[in-house]
Amino acid sequence: MLLRHTSKEIAERKSLTVNPAKTCQPIGAMYASLGIHGCLPHSHGSQGCYAYHRSTLTRHYKEPVMAATSSFTEGASVFGGQANLLQAIDNIFTIYDPEIIAVHTTCLSETIGDDVPQIFGKAETDGKIPEGKYVFHANTPSYVGTHVTGFANMTKAMVDYFAKQNGHKENRINIIPGWVEPSDMKEIKRIAGELGINFIMFPDTDNVLNSPQTGKFEMYPKGGVTIDELISTGSSSGTVALGGLASGPAARALDSKCKVPCKILDLPIGIKATDRFVDALRKMAGVNVPESINIERGQLIDIVTDMQAYFYHKKVALVGDPDQLVALTEFLVSIDMMPIHIVTGTKDKKFEKKILSLTEEMPYDVNVKSGGDMYLFHQWVKNEPVDLLIGNTYVKYIARDEDIPFIRYGFPILDRIGHSYFPMVCYRGGMRFLEKILDALMNRIDRDSSEIEFDLVM
Amino acid sequence: MEALSKKRIEEEKVSLDPDEFMAPETLKLDILSKYPPKVARKKAKQIIVNRKESEEKYPEIQANVRTVPGIISQRGCCYAGCKGVVMGPTRDIINLTHGPIGCGFFSWLTRRNQTDPSTTPDGHNFMNYCFSTDMEDKEIIFGGEKKLRAAIQEAYDIFKPKMISVFATCPVGLIGDDVHAVTREMEEKLGITIFGFSCEGYKGVSQSAGHHVANNGLFQHVIGLDNTVKEGDYRVNLLGEYNIGGDAFEIERVLNKCGITIISTFSGNSSVDFFANSHTADLNLIMCHRSINYVAEMMEKKYGIPWFKINFLSAGGMSRSLRKIAEYYGEQKLIDCVEEVIAEEMPAVKKAQAEVRPRLEGKLAMMFVGGSRAHHYQEMFREMGMIPFCAGYEFAHRDDYEGRQVLPNLKVDADSRNIEELKVAKDPDRYNPRISIEELEALERNGIKLRDYEGMMTDMPSGTIVIDDISQYETERLLETYKPAVFCAGIKEKYTVQKHGIPMKQLHSYDNGGPYAGYRGAINFYHEIDRMVNSKVWDHIKSPWEKSPELAARYAYE
């Protein structure tokens with residue numbers, strides 16, 4: 001057994017986290033920063049932070065992940081990191097020539113209390129920031145919140161630093177996609193395009209972390225939101241923010257800073273959440289939903305119609321991030337599946353309530369925990385086995401020990417490809433989700449059915 | 001590392017066609033011209049064209065110095081070296097990270113250290129778990145010792161481990177949590193071995209500091225706990241072998257076949273039980289000199305166990321290392337057995353070499369990795385007929401480049417001074433010199449040097465390029481200038497290199513491959529490089545319309 005020390009008996013733990021279902025803020029900030037065109041993320045801390053974040057994002061995307069660091073040593077930790085950051089800014093612009101540097105802090109620089117805006121001021125006075133280039137920052141102390149918070153903070157910082165009102169409202173919508181994959185961002189853009197909407201998406205990692213093999217390395221790939229676009233977000237007519245935790249803060253900041261009204265929605269995973277997203281876009285932009293989208297929607301519903309026997313009352317255990325889990329739970333319930341164990345490592349006051357209300361009508365008791373870990377998740381699965389596990393790569397240890405079908409979904413996925421190319425959001429993504437669920441469940445039926453019961457047609 | 005290497009270098013010199021390739025010296029100046037003056041001054045000492053200056057003098061390189069902020073380097077931190085590298089591969093200890101969640105999370109199962117719990121009776125294996133105190137803001141403000149104490153108690157209550165170690169992360173050092181006091185207190189309370197590591201990420205200049213901290217902790221708290229002497233005619237410890245992709249298993253297979261018993265490996269496929277009586281071995285064999293030489297030196301001082309450097313990567317290295325061990329023991333039985341094993345293993349190796357050589361001969365390889373592997377793998381490439389043209393370490397010190405003779409002249413700077421040097425004395429009861437001075441001298445006369453490592457640069461031909469702590473920019477320039485057939489480094493460099501259309505082999509995690517050590521490992525590696533270099537995929541990069549871009553058009557009247 002891989003997890004041989006995990007027992008059924010659940011003892012209360014107050015201080016020990018075992019097999020976390022979250023990681024720390026800076027990696028989320030780094031991911032968000034990569035969604036700006038020509039941006040080099042910069043970790044204001046010791047080298048280990050950026051090495052770990054780059055490694056994890058690289059393993060997840062199998063793509064180059066560029067970032068720099070302030071390389072704190074003990075001296076910097078005692079005397080403050082100003083000299084390090086100033087030198088870093090100078091070196092980065094001289095050697096790596098990005099359009100913009102996105103600085104995020106770490107537990108180290110936060111604990112010693114470095115004041116990044118003040119350091120930027122010094123860099124500006126010293127002439128270390130070339131004409132037409134930018135620096136900006138987000139505070140992302142690793143001991144507050146999780147990777148999702150870091151993504152949210154960096155996305156909000158894009159608004160705080162750049163969004164400007166130009167005096168009149170443009171016929172344009174801001175879309176904040178939340179912490180989803182480049183493929184998802186592409187799909188959301190496609191849907192907005194089908195609706196014929198003029199929009200700005202930020203951050204946008206499409207064409208950054210799913211770039212083609214051309215035989216030529218581009219340090220700053222084609223994709224990403226531009227600074228001009230970020231500035232223009234302040235004069236858009238509205239914002240649609242997907243995923244309250246990841247995108248809510250940026251959307252609200254745009255509202256209060258530039259009076260751009262926002263609608264904060266669930267991530268468009270599954271039928272109902274995508275319906276709400278498309279409906280919100282339609283109303284905000286004043287457009288009609290084209291037939292092409294109706295067809296996609298109908299195809300998704302058609303799969304559910306045809307295959308409902310395989311979904312019906314199958315028990316599922318999910319672990320991941322709140323924005324994803326809420327939308328996914330709603331999706332699973334809507335196709336008559338039964339998500340019964342739901343764990344996120346991120347603490348979110350509303351999370352448990354939302355899940356319980358979504359699963360209220362389900363004829364089964366639901367275990368839900370915000371601020372939990374995968375050890376607890378595994379114990380729940382041991383106590384009440386399920387038909388399907390959904391979570392990041394680490395769940396494969398549980399899947400193998402318990403011999404339960406498993407779908408990789410979430411962050412990080414270190415052992416499979418696909419997530420950067422094929423979406424899981426909106427109607428098409430929903431179809432792919434169902435295909436994955438069916439593959440997992442039906443492969444199991446094929447494996448486990450007796451020779452007598454073995455079916456050709458399913 | 002071997003006497004023959006110096007001789008080879010006198011005969012060999014690598015020179016590329018000057019019409020096709022920029023001279024290394026020119027490239028160096030070109031790279032430096034891109035850097036701000038202060039960076040260029042520093043980097044000039046870290047980019048070296050390997051030219052032997054005189055009989056005994058090789059160029060000096062600057063190593064183990066701070067990475068300049070803003071330079072994209074391969075390096076990680078002290079915690080990564082301590083928890084990730086040295087302590088991570090031990091299965092039956094609970095490694096508890098004291099800090100915010102990230103450090104524990106990112107070092108969770110990401111290093112491909114294989115382990116076989118069936119070889120320890122209790123079967124404990126915590127390597128698939130991640131344990132953290134998950135510090136939050138209230139602990140940063142009010143201190144985290146209380147939470148650490150409680151977390152140790154919970155870990156003990158739930159998992160009943162035989163040992164717990166605690167790793168301090170950056171903020172722990174800053175807020176002044178005393179992990180050593182807490183672990184001492186809990187050790188007393190719970191009656192199992194519990195100890196801490198001050199391996200805050202900002203210590204030192206790279207992972208290397210963490211290796212040293214880990215070595216100190218193992219030496220102080222684990223090695224020597226159990227005086228049981230295991231059976232075996234030739235009883236060795238294998239130091240600095242982490243069992244990535246199963247390397248240690250293959251090494252063990254070959255050593256066992258020769259009649260050599262491994263008492264403990266530091267720390268691939270390891271158990272704290274093996275560490276505890278490792279001081280009863282006859283001999284320490286050093287694989288990764290950088291990460292573990294401290295333990296070797298301290299064990300020699302305290303227990304009288306001699307050490308020497310071996311390299312089990314590459315078939316030639318494996319055979320030479322086996323012969324060195326046999327000569328050290330000097331017993332005919334072992335010498336004969338080793339020769340028999342070599343004779344038995346080599347035909348398959350030769351066959352594989354002959355198979356790949358025509359497709360790889362004369363091609364350039366570059367390797368920038370670790371603190372030993374950039375050296376260890378060079379012979380492997382030479383066995384395929386390839387030319388290791390550029391190499392460098394990520395976190396090595398000067399002795400790893402130039403040999404241990406530079407050690408007395410090394411200046412200890414502020415970054416190294418904050419890593420404790422343990423004062424080690426002879427153990428009053430257990431010190432037992434395994435070898436007399438006369439025997440040592442006799443061995444040295446036969447070319448078996450103990451306590452020595454000749455370094456990487458002395459083993460590389462003139463005209464090759466050595467870069468310490470290579471930057472992203474320098475990597476790019478090397479790739480563009482010399483278009484190597486294969487580039488070796490770690491995961492962060494993997495896809496940037498491959499986007500150039502150049503295959504990239506990870507020599508930290510081995511991608512998904514291994515073992516590469518020993519004879520079977522060498523065969524695996526030859527096939528792996530052959531597969532990568534000669535893959536069909538490189539032909540697909542250009543589409544047909546890019547290959548022949550002449551316009552397709554139709555006549556208007558068609």
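Q: Is Lys122(A) buried, exposed or partly exposed, and what is its relative accessibility?
A: In this predicted model, Lys122(A) counts as partly exposed, because its relative accessibility is 34%.

Q: Which side chain does Lys122(A) meet in a salt bridge?
A: The side chain of Lys122(A) meets that of Asp126(A), with 3.0 Å from N to O. Asp126(A) also counts as partly exposed, at 36% relative accessibility.

Q: How many salt bridges does a search of the whole structure find?
A: Over all chains, the search of the whole structure finds 67 salt bridges.

Q: What about Lys315(A), which side chain does that one meet?
A: Lys315(A) pairs with Glu384(A) in a salt bridge, again described from N to O, at 3.0 Å. This pair links distant parts of the chain, 69 residues apart, with Lys315(A) in strand 10 (residues 315-320) of chain A and Glu384(A) in the loop between helix 15 (374-383) and strand 13 (388-391) of chain A.

Q: Are those two buried or exposed, starting with Lys315(A)?
A: Lys315(A) is buried, since its relative accessible area is 17%, which falls under the 20% limit for that word. Glu384(A), on the other hand, is partly exposed, with a relative accessible area of 26%.

Q: Moving to chain B, which residue does Glu345(B) meet in a salt bridge?
A: The side chain of Glu345(B) meets that of Lys257(B), with an N to O distance of 2.5 Å.

Q: Which residues do salt bridges with shared partners join into one network?
A: That network is made up of Lys347(A) together with Glu136(B), Lys138(B), Glu139(B) and Lys147(B), joined by salt bridges that share partners.

Q: Now the surface: which residues gather in a patch of positive charge?
A: The patch of positive charge on the surface brings together Arg252(A), Lys349(A), Lys350(A) and Lys354(A). One of them, Lys350(A), lies in the loop between strand 11 (338-344) and helix 14 (351-358) of chain A.

Q: Is Lys350(A) buried or exposed?
A: Lys350(A) is exposed, because its relative accessible area is 57%, and the word exposed is used for values over 50%.

Q: Which residues form a negative surface patch?
A: Glu438(B), Glu439(B), Glu441(B) and Glu444(B) form a negative surface patch. Among them, Glu444(B) has its place in helix 19 (residues 437-445) of chain B, and at 40% relative accessibility Glu444(B) counts as partly exposed.

Q: Changing topic, where is Ser291(B), and in which helix?
A: Ser291(B) sits in helix 13 of chain B, which covers residues 289-303. With a relative accessible area of 1%, Ser291(B) is buried.

Q: Which side chain does a polar contact join to Ser291(B)?
A: A polar contact of 2.6 Å joins the side chain of Ser291(B) to that of Tyr242(B).

Q: What about the backbone, which kind of peptide bond joins Phe266(B) and Ser267(B)?
A: The peptide bond joining Phe266(B) and Ser267(B) is cis, with omega about 0°, and Ser267(B) is placed in strand 7 (residues 260-267) of chain B. Gly514(B) and Pro515(B) are also joined by a cis peptide bond, where omega is about -10°. Pro515(B) is found in a loop of chain B, between strand 14 (504-506) and helix 22 (518-533).

Q: And what is phi of His313(A)?
A: His313(A) has a positive phi of about 60°, although this residue is not a glycine. His313(A) is found in the loop between helix 12 (291-311) and strand 10 of chain A, and counts as partly exposed at 32% relative accessibility.

Q: What about phi of Asp403(A)?
A: Phi of Asp403(A) is near 55°, which is a positive value in a residue other than glycine. Asp403(A) lies in the loop between helix 16 (395-402) and strand 14 (406-408) of chain A, and at 38% relative accessibility Asp403(A) counts as partly exposed.

Notes: Residues numbered from 1 in each chain as written. Chains lettered and ligands numbered in written order. Predicted model: local features only at pLDDT ≥ 70, side-chain atom pairs only at ≥ 80, totals over all residues. Heavy atoms only, no water. Patch = residues over 30% accessible without salt bridge, like charges linked within 9 Å, V, L, I, M, F, W, Y side chains within 5 Å. Areas by Shrake-Rupley, 256 points an atom, 1.4 Å probe, with all protein chains shown as cover. Salt bridge = Lys/Arg side-chain N within 4 Å of Asp/Glu carboxyl O. Lys, Arg positive; Asp, Glu negative; His and termini not counted. Charge placed at Lys NZ, Arg CZ, Asp CG, Glu CD. Helix = DSSP H or I, 4+ residues; strand = E, 2+ residues; numbered from the N terminus. Buried < 20%, exposed > 50% of the residue type's maximum accessible area, 1.4 Å probe, protein only. Polar contact = N/O pair within 3.5 Å; in protein donor to acceptor, adjacent residues only side chain to side chain.
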